[in-house]
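Let's take a friendly walk through this structure, one region at a time. Keep the 3D view open as you read.

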Amino acid sequence: MVGRTTTRIVRAAPLACALVLLLVQSAAAASLSVEGTCFASGQQVVVTGTTFTALAAVTIGGDVAATAQADAAGTFRVPIAAPAVAGLGPHTVTVTAVDGANAANTATLRLDVVRAAFGSNLPIAGRPHDTTTWRFAGFAPGRPIYVHFLLGGRSRGDYRFGVARGACGTLTAEAPRIPGVRALQPGRWTLKLDQRKTYRVSTPGSAATFRILRRTGDDGGDGRDRGGGGRRSAR
């Protein structure tokens, strides 16, 4: 009799373990994930959801709006556009997902978003040689940020601001409005921001145009037009 009782307990143990494992699995919360750590406004981001009800419709909300359909395993993948953010960034935005078959089964994901890749406040309006504050976001972390100035299609100067830091590649630096250019001339200029020491048109980056004007007067020498006198300002 004792032997039979012992045998029954041993046989029942695996069943009990299986039941516990099943309960733990069914109690797992839904989750969301993406590949990457920082995104530019408008960039396509693929969101992956897991542990939703099999074949349930899923509502995507928060700072975005979309729908998804879970598969038989309760997972889904849906592309969304990173939302627009105010200012240079980075800003944290929220993505939520609600299980259509079980409203209590929800997940939340937070994303860091910048206004644009290779973004800057571009503080070039004013006296070219005056020191100002440059701000950057959306660069590759751990690599230097450079600016290249072109006039008439030719490179006229380069400048290294410093190294981008953090997940969104940010940097704040004090520098002249037009650094690295020895001879300023009136005309329509182009600046390119990238992460290459010397200018190359094919290097990934961002570009902007501005004009340097000749004005009558004397700005103390830094912006003086050596050919005919006068003040220069960028705008």
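**A guided tour**

Strand S1 and strand S3, the latter covering residues 44–50, pair in the antiparallel sense over three bridges. Within this part of the model, which is predicted, serine 33 stands opposite threonine 48 in S3.

Next, look inside. The largest nonpolar core has 24 residues, and those touching the most other members are Leu32, Phe52, Ile60, Phe76 and Val95. Two or more residues each come from S3, S4 (57–62), S5 (66–69), S6, S7 (91–99) and S8 (102–114). Of these, S8 gives the most, with four residues. To see one member's surroundings, pick isoleucine 60: beyond its neighbours within four places in sequence, it is in contact with Ala65, Ala66, Thr67, Phe76, Val78, Val95, Thr96 and Ala97. There is also a second, separate core of 23 residues, which includes Phe118, Val147, Val181 and Leu191.

Our last stop is tyrosine 199, in the loop between strand S14 (187–194) and strand S15 (205–215). With a relative accessible area of 30%, tyrosine 199 is partly exposed. Not counting residues up to four places away in sequence, tyrosine 199 touches His148, Leu150, Ser155, Asp158 and Lys192. Arginine 156 is 43 residues from tyrosine 199 along the chain, and their C-alpha atoms are separated by 9.8 Å.

How values were computed: Residues are numbered from 1 along each chain as its sequence is written. This is a predicted model: local features need pLDDT of at least 70, side-chain atom pairs count only at pLDDT 80 or more; totals for chains, interfaces and linings use all residues. Side-chain values use heavy atoms; hydrogens and water are left out. Two strands pair if DSSP finds at least two bridges between them. Buried means under 20% relative accessible area, exposed over 50%, partly exposed in between (1.4 Å probe, protein chains only). Contact means heavy atoms within 4.5 Å. A nonpolar core is a set of buried Ala, Val, Leu, Ile, Met, Phe, Trp, Tyr and Cys residues joined through side-chain atoms within 4.5 Å.
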